[in-house]
Amino acid sequence: MWGVLLVWLADPDVRIGLVVVSLLMAWLWCTKEDEMTLIKGFLQHISVWTDSLMYMVLSKDTKGLGPKYRIVGSADDPARVAKRIDETTTKRIIFIRHGESDWNNVFNKGKNIGMLFRLLKAIITEWTMIFRLDSPFLDSPLNEEGIEQALQLREYIENESSGTTEKEKEILNILRGKEGTSSIIVSSILRRAIATTTLAVWPRIERTGEKIHLLSNLQEISRNVDTCALSQANTVADIPFSRVSPHCGGSKSCNASSYNTSLNHGSKALSVKGKNRIEEFNKWAMECAEDTIIVGGHSLWFKQFFNLYLPFDSTHRAKNEKLTNSGAVAFTLHKLKGEKAFYIDPLSIQTVYGGYTKK
């Protein structure tokens with residue numbers, strides 16, 4: 001391999017080409033932010049595609065998460081934490097799954113002739129975005145159906161007549177941010193999760209003025225290119241705001257300043273597996289001052305979370321099925337004091353909105 005590379009570099013035309021490209025990149029680096037935007041957008045677009053395809057080929061994001069690691073009665077079985085429940089600290093967690101995305105619209109509606117037309121339309125759209133950092137595939141955003149799903153969740157949360165039991169009403173009051181409740185809103189850094197979370201809880205954001213915290217460790221567990229983020233560290237990508245802000249008071253109300261990006265460390269690295277990200281989230285969650293953490297995220301990440309911390313012999317649907325689009329579920333997470341051992345009480349799992357699906 002190195003011999004081939006040396007032969008290639010020995011070609012004078014190759015060396016000249018590398019010098020020209022290097023000078024071009026240095027020139028672009030020195031330009032102002034609003035200069036040469038088309039070229040910069042094109043290079044960014046190609047760079048993210050390259051990184052995402054490399055991730056698809058080389059990723060081992062699900063390593064350590066398969067059924068072979070979940071041995072009933074083993075030291076890793078959360079059931080052992082259940083036996084020492086009086087030695088645990090707890091957090092209430094509320095998961096909210098994102099709504100339908102452009103990616104879902106292409107690939108998750110059946111393998112038929114319609115899929116070919118949807119794919120062709122998405123490819124054409126991709127080419128129209130080649131000079132800016134946007135894509136129907138990369139970090140796939142909510143489509144119109146997904147926006148409507150998130151708005152339906154919002155309507156359910158804000159409707160005072162929603163919820164039939166006292167526990168359901170309590171959870172809805174937490175989502176509303178009612179006085180006397182203690183909670184924080186966080187989201188994956190992927191655009192569809194940010195948009196769904198924003199749309200679902202926007203009335204609360206308007207009332208309280210709080211920000212949604214973006215966490216890299218909530219990024220979806222999968223090698224697909226739609227799970228790689230467009231945002232750089234400490235930033236928020238365009239979600240796109242043109243789709244979301246009309247439902248949230250306009251661009252002056254819902255914009256990049258609506259988010260706390262200090263925990264966005266950029267897109268997931270090859271060296272950080274999905275299990276690592278879940279463990280990082282748990283550490284952060286247990287150190288969080290709020291009693292409840294409202295999490296906007298993804299179906300596979302949620303499924304893996306339940307598989308890790310429900311007793312290994314549990315047959316709860318959350319382990320094998322996905323939350324519906326814009327579905328929400330609440331539960332209690334226990335941590336064994338002095339150990340990195342966690343447990344979800346199956347009886348604490350409460351469906352807030354939607355349910356489960358095998359699709």
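Predicted model: local features only at pLDDT ≥ 70, side-chain atom pairs only at ≥ 80, totals over all residues.
Biologist: Why are helix 11 and helix 12 called roughly perpendicular to each other?

Modeller: Helix 11 (residues 274-287) and helix 12 (residues 299-309) pack at an angle of about 75 degrees, with their axes 11 Å apart. Angles of 65 to 115 degrees count as roughly perpendicular, and therefore the pair is given that name.

Biologist: Which residues make the contact?

Modeller: Helix 11 contributes Lys 275, Ile 278, Glu 279, Phe 281 and Asn 282, and helix 12 contributes Trp 301, Gln 304, Phe 305, Leu 308 and Tyr 309. By class, the residues of this contact are 6 nonpolar, 2 polar and 2 charged.

Biologist: How do you know that the span of helix 11 agrees with its 14 residues?

Modeller: At 1.5 Å a residue they should span 20 Å, and the end C-alpha atoms are 20 Å apart, so the two values agree.

Biologist: Which residues of helix 11 are called buried?

Modeller: Gly 274, Arg 277, Ile 278, Phe 281, Asn 282, Trp 284, Ala 285 and Met 286 are buried, because each has under 20% relative accessible area.

Biologist: What makes the largest nonpolar core?

Modeller: That core has 36 residues, and Leu 175, Leu 199, Ile 239 and Tyr 259 have the most contacts inside it. Strand 1 (88-97), helix 7 (144-158) and strand 7 (328-336) are among the elements that each supply at least two residues. Helix 9 gives the largest share, 7 residues.

Biologist: Which residues does a second, separate core include?

Modeller: Leu 65, Trp 284, Trp 301 and Phe 302 are among its 32 residues.

Terms used:
Residues numbered from 1 in each chain as written. Heavy atoms only, no water. Core = buried A, V, L, I, M, F, W, Y, C linked by side-chain atoms within 4.5 Å. Buried < 20%, exposed > 50% of the residue type's maximum accessible area, 1.4 Å probe, protein only. Helix = DSSP H or I, 4+ residues; strand = E, 2+ residues; numbered from the N terminus. Axes fitted to C-alpha atoms, helices over the stretch in contact; angles between N-to-C directions. Parallel < 35°, antiparallel > 145°, perpendicular 65-115°, else oblique. Contact = heavy atoms within 4.5 Å. Nonpolar A, V, L, I, M, F, W, Y, C, P; charged D, E, K, R; others polar. Expected span 1.5 Å × (residues − 1).
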